[in-house]
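The following exercises concern the structure shown below. Each consists of a task and a solution in steps.

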Amino acid sequence: QRLKDDGGDVSNLGLGPSAAHQMTYQQQTRYSQPGQENLGQKELSGSQQQGAPQDMQRQHVQTDHQKNEQQQHLHQGRSQEQPSRLQQHEGRSERYEQEARERAQQLQLQLQQQQQVQQSLSPSYTKRHQRRRSSVSRENVTDELRQLPQLREVQLQDHVNLFRLKLALCRVRFNFDDLAADQIGKDLKRSTLLELIEYINSERGQKIFSDTDVMEDCISMVSANIFRSLPPQIPGFDVEEDDPVLEPSWPHLQVIYEFLLRFVVSKEATAKAAKRKGVVDQTFCLKLVQIFNSEDLREREYLKTILHRVYGKFMSHRGFIRRQISYTFQRFAFDTLRHNG
């Protein structure tokens with residue numbers, strides 16, 4: 001204004017007429033007086049410092065508002081997740097029910113197939129033959145063994161039923177005191193046992209031992225043949241000097257012992273499953289120890305190998321087997337003074 005009153009050029013100040021009029025009187029006097037520039041900066045910084053707490057309060061209000069919004073979103077998300085979880089649970093229950101129905105249908109189909117296979121494989125396999133095979137006559141067993149096909153001649157789904165049927169027929173023992181009696185039945189039983197051994201030696205045949213019912217049938221067949229009353233000992237017989245007495249039924253016993261050895265060493269016949277089913281129990285181990293008194297050296301060699309395998313595989317029977325062997329030694333030392341094994 002002084003420049004303007006003195007007739008000076010206002011345009012040299014770098015401000016146009018409109019901008020000069022817009023400046024307030026306080027601003028003009030602040031910048032027109034010398035030494036007031038620092039004072040203006042201090043007032044400006046002071047005003048900024050006074051506005052800082054207000055800005056902090058605004059930021060806190062904004063953050064609180066954002067937190068409230070986030071919590072609302074979380075509550076809304078949880079409320080939306082609950083119906084979805086219920087739907088998933090309902091879907092799982094429906095799926096489990098459907099799977100259970102499918103399993104029941106599969107079991108029914110398997111039972112029907114087993115019945116059809118039994119009827120087609122052995123017409124004479126009636127209800128009276130489902131009892132203990134010792135009550136069945138040797139003539140009927142011979143006829144049934146002759147009618148049964150071999151395992152390689154039937155379909156894969158019929159192997160289990162045919163295998164179990166052959167095991168049931170092999171429980172019958174023949175009279176070997178008369179070598180000429182029932183010669184056809186003896187040959188058929190031996191050939192059937194050799195066929196079973198050939199089948200379980202294959203990879204496909206080993207998987208059949210995973211079925212607990214098959215395991216039970218195997219041990220039942222073995223027990224019916226090898227556990228027998230031994231002949232009375234000949235008085236004055238010396239094991240070291242006299243010739244050994246051979247078992248007349250060894251042609252069958254050898255094959256059965258070989259079958260038992262394959263069963264024990266099989267990885268599919270697990271100790272846990274056999275123990276749960278009660279297949280190889282303490283009674284079975286006790287009879288194995290007792291049959292060591294057999295006069296046939298060949299049988300004792302098989303028993304030694306099999307008992308060793310049973311001792312190594314079934315750890316829960318180790319203490320029982322050691323006690324029974326100790327009782328045998330004590331009976332020999334203080335009672336009988338004689339034992340073949």
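**Exercise 1.** Determine which residue forms a salt bridge with Arg-228, and where the two partners lie.

Solution. Step 1: a salt bridge is defined as a side-chain nitrogen of Lys or Arg within 4 Å of a carboxyl oxygen of Asp or Glu. Step 2: Arg-228 meets this criterion with Glu-299, their closest N and O atoms being 2.8 Å apart. Step 3: Arg-228 is in the loop between H9 and H10, whereas Glu-299 belongs to helix H13 (residues 297-313), so that the pair links distant parts of the chain, 71 residues apart. Here helices (H or I, at least four residues) and strands (E, at least two) are DSSP runs, numbered from the N terminus. Step 4: Arg-228 counts as buried at 13% relative accessibility, and Glu-299 counts as buried at 0%. Buried means under 20% relative accessible area, exposed over 50%, and partly exposed in between (1.4 Å probe, protein chains only).

The model is predicted: local features need pLDDT of at least 70 and side-chain atom pairs count only at pLDDT 80 or more, while totals for chains, interfaces and linings use all residues. Residues are numbered from 1 along each chain as its sequence is written, and side-chain values use heavy atoms, with hydrogens and water left out.

**Exercise 2.** Describe the backbone and surroundings of Asp-182.

Solution. Step 1: most residues other than glycine have a negative phi. Step 2: phi of Asp-182 is near 55 degrees, a positive value in a residue other than glycine. Step 3: Asp-182 is placed in the loop between helix H6 (159-169) and helix H7 (183-200). Step 4: with a relative accessible area of 30%, Asp-182 is partly exposed.

**Exercise 3.** Which residues gather in a patch of negative charge on the surface?

Solution. Step 1: patches are made of residues with over 30% relative accessible area and no salt bridge, like charges being joined within 9 Å. Step 2: the patch gathers Glu-240, Glu-241, Asp-242 and Asp-243. Step 3: Glu-241 is in the loop between helix H9 (212-226) and helix H10 (250-265), and is exposed, with a relative accessible area of 67%.

**Exercise 4.** Summarise the chain in terms of secondary structure, burial and contacts.

Solution. Step 1: the secondary structure comes to 14 helices and zero strands. Step 2: of the 341 residues, 29% count as buried. Step 3: among contacts (heavy atoms within 4.5 Å) between residues at least 6 apart in sequence, 73% join residues at least 24 apart.

Methods: Patches are made of residues with over 30% relative accessible area and no salt bridge: like charges are joined within 9 Å, nonpolar side chains (Val, Leu, Ile, Met, Phe, Trp, Tyr) within 5 Å. Accessible areas come from the Shrake-Rupley method with a 1.4 Å probe; for residues, only the protein chains shown count as cover. Lys and Arg count as positive and Asp and Glu as negative; His and the chain ends are not counted. The place of a charge is taken as NZ of Lys, CZ of Arg, CG of Asp or CD of Glu.
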